[in-house]
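This report describes the fold of one protein chain for a reader who is new to structural analysis. Please consult the sequence and the structure while reading.

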Amino acid sequence: MTDYKRIIANNISELRKAVPYTQAELAEKLNYSDKAVSKWERGESIPDVVVLKQIADLFGVTVDYLLEEVHPLRGTMQSVPRQLKRNRILITGLACMLVFLIATFVFVVMDLATAVGGIWLAYVYCVPICSILLIIFNSIWGKKRLNFAFISLLVWSILACIYLTIGNYNNWIIFVIGIPAQVIILMWSGIKARFKKKD
């Protein structure tokens, strides 16, 4: 009789390590505890069908792949998670570069059409917009703990935009607003989610 617990355990472990994710990171993506992932990888329990599908989708493989002991294209399949991660990084980078392309277009058109100064601020405004994109894409694909760094970047870049837009460089006091905001972000990042499923 086929030992599906052991086969699934080995496949989940190999795919997780190929990305690489820690057990805690995989658990967070599936909304389970790291203890549950550890049990799956030791073959003590099997994830239900819905979770198997989530795992397969996360790693870019089929559910059949998780149930098979021998993988004829093992080298190819092992590279799928890395390629998936690379593609996600490239998509995020492309989205941010699109923002800078639009800013460049605005800069060139405004510079040619008017003699107004300060058009270079279009590039400064790109930073908070890119921060928002990073938060969105990281929430979908990345390590959610990184969002706190992106939120910090968003807060400080918005303050910088306001400071540079006002144009009175003696108004540096506006950055004081960022101090309690940063403390709140740091405290928020220390709160751990306790809503993970046990098994």
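Which residues does Y125 touch, not counting residues up to four places away in sequence? Y125 touches C161 and T165, where contact means heavy atoms within 4.5 Å. Y125 is found in helix α7 and is partly exposed, with a relative accessible area of 34%. In this report, buried means under 20% relative accessible area, exposed means over 50%, and partly exposed lies in between, with a 1.4 Å probe and protein chains only. Y125 and I162 are 37 residues apart in sequence, and their C-alpha atoms are 9.6 Å apart in space.

The model is predicted, so that local features need pLDDT of at least 70 and side-chain atom pairs count only at pLDDT 80 or more, while totals for chains, interfaces and linings use all residues. Residues are numbered from 1 along each chain as its sequence is written, and side-chain values use heavy atoms, with hydrogens and water left out.

**Overall composition**

The protein chain has nine helices and zero strands. Helices (H or I, at least four residues) and strands (E, at least two) are DSSP runs, numbered from the N terminus. Buried residues make up 35% of the 199 residues in the chain. The accessible surface comes to about 12,400 Å², of which 70% belongs to carbon and sulfur atoms; such areas come from the Shrake-Rupley method with a 1.4 Å probe, and for residues only the protein chains shown count as cover. Among contacts between residues at least 6 apart in sequence, 59% join residues at least 24 apart.

**The nonpolar cores**

A nonpolar core is a set of buried Ala, Val, Leu, Ile, Met, Phe, Trp, Tyr and Cys residues joined through side-chain atoms within 4.5 Å. The largest one here has 21 residues, and those with the most contacts inside it are I12, L26, L30, W40, I55, F59 and L66. Two or more residues come from each of α1 (4-18), α2 (23-30), α3 (34-42), α4 (49-59) and α5 (63-67). The largest share, six residues, is provided by α4. Apart from this core lies another, of nine residues, among them C96, A103, A122 and C126.

Beyond residues up to four places away in sequence, I12 touches L26, W40, E41, P47, I55 and L66. Helix α3 has A36, V37, S38, W40 and E41 buried, and what covers its buried residues includes α1, α2 and α4. After α3 comes G43, whose phi is positive, near 80°. A positive phi also occurs at N31, a residue other than glycine, with a value near 65°. N31 is found in the loop between α2 and α3 and is partly exposed, at 39% relative accessible area.

**Aromatic pairs**

A pair of aromatic rings is described by the distance of the centres and the angle of the planes. Rings of Phe, Tyr and Trp (its six-membered ring) pair if their centres lie within 6.5 Å; planes under 30 degrees apart count as stacked, over 60 as edge-to-face and the rest as tilted. The structure holds five such pairs, including the two below.

| Pair | Centre to centre | Angle between planes | Class |
|---|---|---|---|
| Y21 and F59 | 6.0 Å | 50° | tilted |
| F107 and Y123 | 5.6 Å | 50° | tilted |

Y21 lies in the loop between α1 and α2 and F59 in helix α4, 38 residues apart, and their pair links distant parts of the chain. Both Y21 and F59 are buried. F107 lies in helix α6 (residues 74-113) and Y123 in helix α7 (residues 121-141), so this pair ties together parts that are 16 residues apart in sequence. F107 is partly exposed, at 26% relative accessible area, and Y123 is also partly exposed, at 28%.

N138 is placed in helix α7 and counts as buried, at 9% relative accessibility. Leaving aside neighbours within four places in sequence, N138 is in contact with K143, K144, L146, N147 and F150.

How do the next two helices pack? Helix α8 (residues 147-166) and helix α9 (residues 178-190) meet at an angle of about 170°, with their axes 10 Å apart. Axes are lines fitted to C-alpha atoms, for helices over the stretch in contact, and angles run from 0 to 180 degrees between N-to-C directions. Angles under 35 degrees count as roughly parallel, over 145 as roughly antiparallel, 65 to 115 as roughly perpendicular and the rest as oblique; α8 and α9 are therefore roughly antiparallel to each other. Residues in this contact include F148, I151 and W156 of α8 and I179, I185 and W188 of α9.
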